[in-house]
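Visitor: I would like to learn how to read this structure feature by feature. Please give me the general idea each time, then the case at hand.

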Amino acid sequence: MTVVVSPSADAASFKRARRTGNARRRCHHGDDVVWRWAIFSPALLLMLALSVLPLANLVFTSFYDVTWAQGQAIWTPRGFANYAALPGDALLRAGLVNTLIFAAGAVAGQMLMGFVLALLCSRVTRGQVFYRTLFILPILIPGIVVGAIWKLMFNYDFGLLNQAIGLLGFAAQNWLGTQQTALASVILVDIWHWTPFCFLLFLAGIESLPQDIYEAAEIDGASLWQELRYVTLPLMLPTIMVTFAFRLMVAFKVFDEVYLLTGGGPGTATEVLSFTIYQRFFTENRLGYGAAMSVMVIFLVSILLVTGLSVRRRAAVVA
Amino acid sequence: MSLLTALRRHGVAKHAALIAAAAIVVVPVVWVVAAGFRTQISLLMGAFWFTPVLASFNEVLFSKTSDFLVNYRNSLVVGLTSTALCLMVATLAAWSLHRMRWPTWVVHVFLGWALVFHMMPPIALASAWFTMARAVGLDSTLLSLVLAHTVLNLPMALWLMGVYVRDVPIELEEAARIDGASTPTLLWRIVLPIIAPGLAAAAVLSFVFSWNEFAVALNLTVKATATVPVAIAKFAQEYEIRYTQMAASAALSILPALILLLFAQRYIVKGLTQGAVK
Amino acid sequence: MKPATSGRVTRRGVVVGGGALAATAFGAGGHRARAAVAEPISVVINQSPWFDSFRQTVELYEKQTGNKVDLDVNPFAGSLEKQRNSVRAAKGQYDLLVMNSGWFAELYFGGFVEAITDIDPSFKLDPDVYTLGDTIWFDPVKKVMTPAGKLMSIPISPLIPLLYYRGDLYKGAGLSVAETFAELEANAGKLNHPPGVYGIVQRGARGTASVSFDFYPYLYGFGGGIFKDQAAGDYTVTLNSETGRTALDYYLRLAKQAGHPKTASLDQADVIQNMVTGKAAHIMMVIAAWSQMDDPNKSAVVDKVEFAPPPHAPGLPTAPGLGHWLGGVSRNVPDGRKRAAVEFLRWFQGKDAQLANVKAGGIPINAAVYRDPIAEEHRYRWMKPLAAALPHAINIYQFPQASEVTAILDLGLNRAVAGEITVADALNSMSEQIYGVMGKYDYKTGKLPPLR
């Protein structure tokens, strides 16, 4: 079945038409309540059983202190004391700052690289499969292995990186051991590891863009840059936002790489939030305090996301 | 025609950039695989040339303390099952939410909740899930891990499929409805072929995340049900990181994901040329 | 107490797995089958260099007695979690817990480990077994670890740090074994030829008990300490005493004058790396790494490394800190399995079992093995120094919240090594924080006046 969709030469109006068209027409659907619920319920059940319960447990625990005696748990209520102790935690403050820097740097780097690579890959006429396969490789490797291998590559005495720059005449650097370079090195590893994720999403997005827009733009004599700015980017905005949101959330959870590469050091240079939570929750066995920290982190990231989303909505309306 | 135009026409600049990027991506991976063929000391000495030995692969695959083949099988089972389950559940739910008559608050709350859930550190969840699994006697089976991975990947799958589902032109669905199509037919005949490329991409990502997941797998598995990352983590020991065995097992662990990828690649391309609306 | 070896099933347990196994127990075992038949047990343990020797020793046990033992092997990162999950559940997954020095106190205090003498009052501890800073005992009422308490566990692996040094370099320079700190400083200085060879390579990185573990032999070897008298329950913080300052000054001086330029970022694996690639003349390292030194696949200095107890101040004994593994029986498992676990421990602590253990590459817990002729062999040249050091092993922490203290120590020491803060500031701030932690958990504590 083919349907002719009449395009406008302008991506923005095309999008607007599509959006309002959907909104207007949504009401005609969904007359079968049975099906509506039937296909939604598996997801609902899974989420209720496996996500609501653990989170409720976490929130509940954050108001207590849990100790053990004679094999039994003892719950001592602490009210908001766990939360009150959070601002005084110097490592937490460092963790917050480092995680923000890490998330901003890593996510920006990955998205930029991913987008550029996806763009290039979609434009190239030959070897697409070859490049595509190659670029996906890093996410196939488990996080712990990535950490271990890059630790070896960054090694001061034997690492590949110092050997390579030695050949070029530069002095060996202590990448993971110097305050200034440690966080940057961890960010680099994360970019290497996760650019394929962005690449894949952007590629799928780009390849599903309607070709007629581009043809119209080419007929109109648009340059590459204009094409990018007025056609590709606006149309890709939903994909970009989704990718950004997901990468940001995962970046806030980063753990495996930091754990193996630097252990939070030197000093507190690479102390990230999930590492601090891990320390408090598991290594130090402070369940109540660790839970409060987890809840606070979730709260903060939610605020960030909501702010980001509302900014986008306002921008879209203006456009 | 000037040199610049000629270069541009043949896309040399693009290829050069792509090849440079490919090199940055590939060199560490090749280095890891090569490391699996070295002796530990040759790796630590930083020597470039080395004589390959099979000792590490031997130890990983055939030694008494290693269950690598069993771990491999477990990872495959968990990865494939959880991916299939996750995508099925997510796609249906996404389509229901975006295309059927739900009040807007339901859509926002559910998707918002999925987002919040996605932010929770997996380690915090793992302990809770272990307690639940043990309470129903599932803690030594693969089922608990399958369910855990399904729910872990659900938020991402929901949002991804949400994007792709909303890209399906509503006129198509309308036309099918007018023709009297029931919901299942509509989904199977109209929606599915169009979202197939997105589905493939989401499937690859979901499988890879499940394959590489460590924190939850550690808590929910025992020796017989352990997955590949748990096996690999055993090489990062207290006193040494057994780099060569870790590299060997990492090299082996990349294989299925790579094969799946090549497979899905062709499907993406095929889906695009068939499903494009023109 | 000698269990019956004639064909009589004891009242202790039932053999699961067939009568054939029972026949093996009483037949092929011969005069060596000293353990009674018992239920199969499961052991939770982590992957490590000495795991393989433990596995072979367990197989010998199974062959000799016919009892089955299942080993659940986990990565080190996460073995604590698995043990916690098991002991906190209503019914435990594992019967025998192989606990690390970092968390055994938590399991003792939480009441998760059942005393061996409670399970079997007739159990006699082999007098040759090393008691490892009295950590195998625990008084649940007074909450201290002294021989007056109950017997909670048997050592599985008695890991302490030793001084590893390059015997070939010593011979070339005509040096003798460093026993005191002054001698170590002198020897390290003489052998320091950077960047080819560093006089000593220290573990200065911040991690989970990383630099702190490296520092203990120096701190305690000078006569200092973190707490006044743990066995008496007095947790007054004594870290920032003059002795503490001497120890930390010495540690930093070593690093500056004869150490690796990037000490502040070196962790355990890096230190071992430096030794096996021949770049270090001395390292202070847990004995567990000995097998890497002589393995031609892993080392460029095969047969060149020698061992000695950690140096100390004159007049004081060597003071290695414990990083050991203990085997305790979980409380939340059925009685039959508890008794079976105790059977295994009874067999494991004996000289014969430990001899088999060391031949498989493990580290024996029984002093009789160290007196055996095997200790004279070149391959086992680490045994004599270890036997000399083990009786002086120090248990640094006798309370479960130790990880908070080690986190403070690691951060402070790492910053001192990196030159970010002065010695006095580091010691004072660490002591202040440790005092805060002990106070938070209502331990009897106090502090010293700050150093100037």
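Guide: Start with the domains of chain C: domain 1 covers 19–159 + 323–381 and domain 2 covers 161–320 + 395–440. Such bounds come from an automatic or database domain assignment. This is a predicted model; local features need pLDDT of at least 70, side-chain atom pairs count only at pLDDT 80 or more, and totals for chains, interfaces and linings use all residues. Residues are numbered from 1 along each chain as its sequence is written, while chains are lettered from A and ligands numbered from 1 in the order in which they are written.

Visitor: What distance separates the centres of domain 1 of chain C and domain 2 of chain C?

Guide: Taken over C-alpha atoms, the centres are 29 Å apart. For the contact itself, two residues count if their C-beta atoms, placed from the backbone, lie within 7 Å. Domain 1 of chain C gives 19 residues and domain 2 of chain C gives 19 residues. On the domain 1 side there are eight nonpolar, seven polar and four charged residues. Here Ala, Val, Leu, Ile, Met, Phe, Trp, Tyr, Cys and Pro are nonpolar, Asp, Glu, Lys and Arg are charged, and the others, Gly among them, are polar.

Visitor: How many helices and strands does chain C have?

Guide: Helices (H or I, at least four residues) and strands (E, at least two) are DSSP runs, numbered from the N terminus. Chain C has 17 helices and 13 strands. Its radius of gyration is 23 Å, close to the 22 Å of the globule rule for 452 residues, so chain C is as compact as a globular protein of that length. The radius is taken over C-alpha atoms, and the rule is 2.2 Å times the number of residues to the power 0.38. Along the principal axes, the C-alpha atoms of chain C fill a box of roughly 70 × 55 × 35 Å.

Visitor: What share of the residues of chain C count as buried?

Guide: A residue is buried if 20 or more other C-beta atoms lie within 10 Å of its own, exposed if 12 or fewer, and partly exposed in between, with C-beta atoms placed from the backbone. In chain C, 57% of the 452 residues count as buried. Now take its contacts between residues at least 6 apart in sequence: 75% join residues at least 24 apart.

Visitor: Next, the backbone. What should I look for?

Guide: Most residues other than glycine have a negative phi, and most peptide bonds are trans. Look at C:Pro194 and C:Pro195: a cis peptide bond joins them, with omega about -5°. C:Pro195 sits in the loop between helix H7 (181–190) and helix H8 (211–221) of chain C.

Visitor: Where is C:Asp303, and is it buried or partly exposed?

Guide: C:Asp303 lies in the loop between helix H11 (290–293) and strand E12 (305–308) of chain C. It has 14 C-beta neighbours inside 10 Å, so it counts as partly exposed. Its phi is positive, about 70°, although it is not a glycine. C:Asp442 also has a positive phi, near 60°. That residue is in the segment after helix H17 (423–440) of chain C. C:Asp442 is exposed, with 7 other C-beta atoms within 10 Å.

Visitor: How do I read a bent helix?

Guide: Compare its span with the expected one, 1.5 Å times one less than its number of residues. Helix H10 (residues 224–252) of chain A has 29 residues and would span 42 Å if straight, but spans only 35 Å between its end C-alpha atoms. The bend at a residue is the angle between axes fitted to the seven residues ending there and the seven starting there. H10(A) bends by about 55° at A:Leu237, and A:Pro238 follows within four residues.

Visitor: What span should helix H8 (residues 142–166) of chain B have?

Guide: Its 25 residues should span 36 Å, and the end C-alpha atoms are 34 Å apart, which agrees. Yet H8(B) bends by about 45° at B:Leu154, with a proline, B:Pro155, following within four residues. In H8(B), 23 of 25 residues are buried.

Visitor: Which chains does chain B touch in the contacts with chain A and chain C?

Guide: With chain A, the contact takes 78 residues from chain B and 78 residues from chain A. Helix H2 (residues 12–35) of chain B gives the most to the chain B side, with 12 residues. That side divides into 61 nonpolar, 11 polar and six charged. With chain C, the contact takes 23 residues from chain B and 29 residues from chain C.
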